[in-house]
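Please look over the sequence and the model shown here before reading on. The report that follows goes through selected helices, strands, cores and backbone features in turn.

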Amino acid sequence: MTVHQPAPPGSRLGELWRILPEESGTTADGVLEIGGVTVTELAERFGTPLHIYDETGLRRQIRRFIDGLSSRWPNSEVLYASKSLPAVGMYRIAQAEGLSVDIAGGGELQLALAGGVDPERLYFHGNAKTDAELTMALDARVGTIIVDNEDELDRLERLLTRSQRLLLRVIPGVEAKTHASQATGGLESKFGLPMDQAAHAIERMNAHPLMEFFGVHLHIGSQILDTDQFAEAVEKISSVGTFDTYDVGGGLGINYTYEEEAPSVEEYLDRIVAAAKSHLPPDARIMIEPGRSIVARSGVTLYRVVSVKRTGHTFVAVDGGMADQLDIALTQQRYEAIIADRLHEPWSENVQLVGRQCESGDLLVDGAQVPPVSVGDLVVMSATGAYAYTMSNNYNGALKPAIVFVRDGEARLAARRETYDDLLATHAPAIAAAKL
Ligand SMILES: Cc1ncc(COP(=O)(O)O)c(C=O)c1O
């Protein structure tokens with residue numbers, strides 16, 4: 001049974017539970033358990049690095065969004081922004097829990113279809129959709145395409161053979177207080193059309209016999225902690241016109257660190273629905289597209305310590321790094337890490353937790369408080385459920401980690417670890433040429 005042990009000296013165990021998956025605790029000897037399975041067992045069975053998801057907590061979080069929005073605004077829909085975790089196993093959960101799904105690009109379309117998502121409930125995003133991708137989406141009978149620009153309308157004019165539902169993405173002109181690479185609502189954004197150019201695009205869609213334009217979309221950015229900014233965006237978009245549907249995007253931030261205080265789902269929904277009540281037509285359909293805030297907390301990444309080097313600093317190096325946690329190098333987001341198989345020992349050391357990729361910027365946690373750490377220890381980085389697997393890459397020939405879902409003491413492999421054969425497969429032409 002999972003128990004929360006008393007916190008040992010120097011530890012921040014008490015604060016840890018709110019950034020670890022909901023269904024986590026420790027065994028009596030201080031080993032982290034997620035969904036009733038210890039990290040030691042998971043490491044032995046599936047290897048490391050490993051993305052672990054608490055399925056119970058994840059499903060609970062999905063229900064908070066769906067029930068929370070529909071109880072406040074019944075004519076509503078929650079889309080899962082699947083870029084945050086485009087895994088077939090996750091698409092299956094999204095479909096089972098009644099989420100619609102936002103996809104960006106042909107690859108996410110393929111993964112969503114493989115995950116059994118009803119194509120009617122897919123919303124196809126992207127600022128540079130190609131002819132091939134639009135054709136793929138139309139052939140798959142994707143329910144809605146979110147048009148980004150007028151070149152896309154030119155393409156659709158050529159490609160449409162039957163009626164297609166369309167939303168238009170507009171730029172609300174809200175500078176989100178987040179990392180610059182995650183802000184998408186300011187006037188200089190590459191996503192969508194400025195509001196003063198929307199009317200022309202809307203006219204074109206309304207004039208076309210096969211284009212079924214039904215509303216507008218906005219998304220101001222990601223990891224946003226100030227709910228007033230969402231309300232401001234709702235107000236801004238109301239000035240574009242009166243439509244059936246307003247998709248007000250995703251972007252709710254989460255707690256990455258012991259100190260962070262992200263708004264709850266309820267606070268977020270209260271704020272956007274209050275803004276909608278003030279500014280949008282009462283019979284409009286409201287849609288939201290959370291990604292990070294659905295999956296981030298339920299996921300952790302498990303590593304094994306490969307070396308401990310004591311120079312001026314103590315460098316604890318693990319068997320992964322920026323190849324599987326690119327977000328840190330990209331946005332300088334701070335994460336927390338723990339020695340997950342020795343939680344009951346005093347956290348007496350402050351270390352630099354580093355990865356194995358050839359960059360000094362491959363610093364996973366700058367100053368992690370840990371017990372005296374040894375080679376072979378298990379490290380868990382919390383709240384890595386969003387965008388880590390998404391952005392994983394083969395830097396230094398790294399292999400994409402596996403994904404495992406845990407629930408009620410059972411672990412289920414959802415994506416296997418890449419192999420060296422996978423790595424070599426795309427280079428088959430050069431390998432074959434060398435053999436000639
Ligand atoms: C169009 C769109 N919708 C929704 C999201 C999801 O954002 P988040 O994961 O921050 O909720 C994104 C990602 O930034 C996005 O680009």
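## Helix α8

In helix α8, the residues Ala198, Ala201, Ile202, Arg204 and Met205 are buried, where buried means under 20% relative accessible area, exposed over 50% and partly exposed in between, computed with a 1.4 Å probe on protein chains only. Seen down the axis of α8, these buried residues fall within an arc of 160°, so they line one face of the helix; the arc is that of the directions from the helix axis to the C-beta atoms. On the other side of α8, Asp196, Glu203, Asn206 and Ala207 are exposed. The buried residues pack against β8 (144-147), α7 (150-159), β9 (164-171), β10 (193-194) and β11 (211-217), contact being defined as heavy atoms within 4.5 Å.

The length of α8 can be checked as well: at 1.5 Å a residue, its 13 residues (195-207) should span 18 Å, and the end C-alpha atoms are 19 Å apart, which agrees. The expected span is 1.5 Å times one less than the number of residues. Helices (H or I, at least four residues) and strands (E, at least two) are DSSP runs, numbered from the N terminus.

## Basis of the model

This is a predicted model, in which local features need pLDDT of at least 70 and side-chain atom pairs count only at pLDDT 80 or more, while totals for chains, interfaces and linings use all residues. Residues are numbered from 1 along each chain as its sequence is written, and side-chain values use heavy atoms, with hydrogens and water left out.

## Helix α6

In helix α6 (residues 131-139), the buried residues are Glu133, Leu134, Ala137 and Leu138. Viewed down the axis of α6, they fall within an arc of 135°, so they line one face of the helix, whereas Ala132 and Asp139 are exposed on the other side. The packing partners of the buried residues of α6 are α5 (106-114), β7 (122-125), β8, α7 and β9. Just after α6, Arg141 takes a positive phi of about 60°.

## Domains and nonpolar cores

The protein chain is divided into domain 1 (13-47 + 298-423) and domain 2 (56-295), with bounds that come from an automatic or database domain assignment. The C-alpha centres of domain 1 and domain 2 lie 31 Å apart, and 31 residues of domain 1 are in contact with 31 residues of domain 2.

The largest nonpolar core has 99 residues, and those with the most contacts inside it are Met90 and Leu168; such a core is a set of buried Ala, Val, Leu, Ile, Met, Phe, Trp, Tyr and Cys residues joined through side-chain atoms within 4.5 Å. Helix α10 (residues 265-279) gives the most to this core, with 7 residues. Domain 1 and domain 2 both give residues to this core, so it lies between them. Leaving aside residues up to four places away in sequence, Met90 touches Leu58, Ile62, Tyr80, Leu85, Ile294, Val295 and Phe405. Apart from this core lies another, of 28 residues, among them Leu13, Val31, Val404 and Val406.

## Strands and their pairing

An open sheet of 3 strands has the order β1-β2-β3, with antiparallel pairing; two strands pair if DSSP finds at least two bridges between them. The edge strands, each pairing on one side only, are β1 (24-26) and β3 (37-38). Strand β2 (residues 32-34) pairs with β3 in the antiparallel sense over 2 bridges, and the bridge partner of Ile34 in β3 is Val37.

Elsewhere, 3 bridges join strand β5 (residues 76-81) to β6, and these strands run parallel, with Tyr80 standing opposite Val101 in β6. In strand β6 (residues 100-104), 4 of the 5 residues are buried, so it is largely enclosed by the rest of the structure.

## Backbone features in loops

Most residues other than glycine have a negative phi, and most peptide bonds are trans. Against that background, a cis peptide bond joins Thr48 and Pro49, with omega about -10°, and Pro49 lies in the loop between α2 (39-46) and β4 (50-54).

Asn396, in the loop between β19 (378-381) and β20 (402-407), has a positive phi near 60° and, at 43% relative accessibility, counts as partly exposed. Asp408, in the loop between β20 and β21 (410-415), has a positive phi near 50° and is exposed, with a relative accessible area of 68%.
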